[in-house]
Amino acid sequence: IYTRGGDAGDTGLGSGARVPKECARVEAYGTIDELNAHLGAARAALRSGDLAGALLRIQGELFEIGADLASPQPPDGAPPVRPVPRIGEARVAALEAQIDRLEAGLPTLTHFILPGGTAAAAALHVARCVCRRAERRVVALARSEPVSASCLAYLNRLSDLLFVMARAANAAEGTADVPWEPPK
């Protein structure tokens, strides 16, 4: 499992290039990896097979995003050193369709809610926050290097889906979302 290749503080990209471990690209795909681990914890806490199955699929898609980010396309249009799968618009549309399906079975929100409820919902809320951080890391990377627009849209939709999944997980267990009450 160990190669000792990163002992000096750098790591290899899919292109073969070596970069510092704190560079924007490594921060971006490292946060995607962290998000994936949180989704695994949320999946372990779920009792609903449909939500758990969806999270398993999403975890695989996050590996694709991580591979995409770790293997930047050559700027000159040359073929990549190692071809990797890349998330496309169809995956973004699939997330939107899933959001619509789940929301159709939930009461309309008229107020902000506090993260929490069941253990699964709480884990999904944490994953949503990590997803937003991953999105910010990828946006920061995109300011200096090319990044797939579909990758950014996917992360944006995924955070929305995780919010709706948290609500659905609470509803499946008969646990009400707790509204945020602003101070009076």
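The model is predicted, so local features need pLDDT of at least 70 and side-chain atom pairs count only at pLDDT 80 or more, while totals for chains, interfaces and linings use all residues. Residues are numbered from 1 along each chain as its sequence is written, and side-chain values use heavy atoms, with hydrogens and water left out.

**Helix packing**

Helices (H or I, at least four residues) and strands (E, at least two) are DSSP runs numbered from the N terminus. Axes are lines fitted to C-alpha atoms, for helices over the stretch in contact, and angles run from 0 to 180 degrees between N-to-C directions. Two helix pairs are tabulated here.

| Helix pair | Angle | Axis distance |
|---|---|---|
| α1 (residues 24–45) and α4 | about 170° | 8 Å |
| α4 and α5 (residues 149–172) | about 170° | 8 Å |

α4 is therefore roughly antiparallel to α5, an angle over 145 degrees counting as such. By class, the contact of α4 with α5 has 18 nonpolar, four polar and four charged residues. Here Ala, Val, Leu, Ile, Met, Phe, Trp, Tyr, Cys and Pro count as nonpolar, Asp, Glu, Lys and Arg as charged, and the others, Gly among them, as polar. α1 and α4 are likewise roughly antiparallel to each other. The contact of α1 with α4 has 18 nonpolar, two polar and five charged residues.

Thr31 is in helix α1 and is buried, with a relative accessible area of 4%; buried means under 20%, exposed over 50% and partly exposed in between (1.4 Å probe, protein chains only). A polar atom of the Thr31 side chain lies 2.7 Å from the backbone oxygen of Glu27. Ala123 belongs to helix α4 (residues 119–142) and counts as buried because its relative accessibility is 18%.

**Aromatic pair**

A search of the whole structure finds one aromatic pair. Phe112 and Trp180 form this pair, which is edge-to-face, at 6.2 Å centre to centre and 70° between the planes. Rings of Phe, Tyr and Trp (its six-membered ring) pair if their centres lie within 6.5 Å, with planes under 30 degrees apart counting as stacked, over 60 as edge-to-face and the rest as tilted. The pair links distant parts of the chain, 68 residues apart: Phe112 is in the loop between α3 (89–104) and β3 (113–114), and Trp180 in the segment after β4 (178–179). Phe112 counts as exposed at 63% relative accessibility, whereas Trp180 is partly exposed at 42%.

Note on methods. Parallel < 35°, antiparallel > 145°, perpendicular 65-115°, else oblique. Polar contact = N/O pair within 3.5 Å; in protein donor to acceptor, adjacent residues only side chain to side chain.
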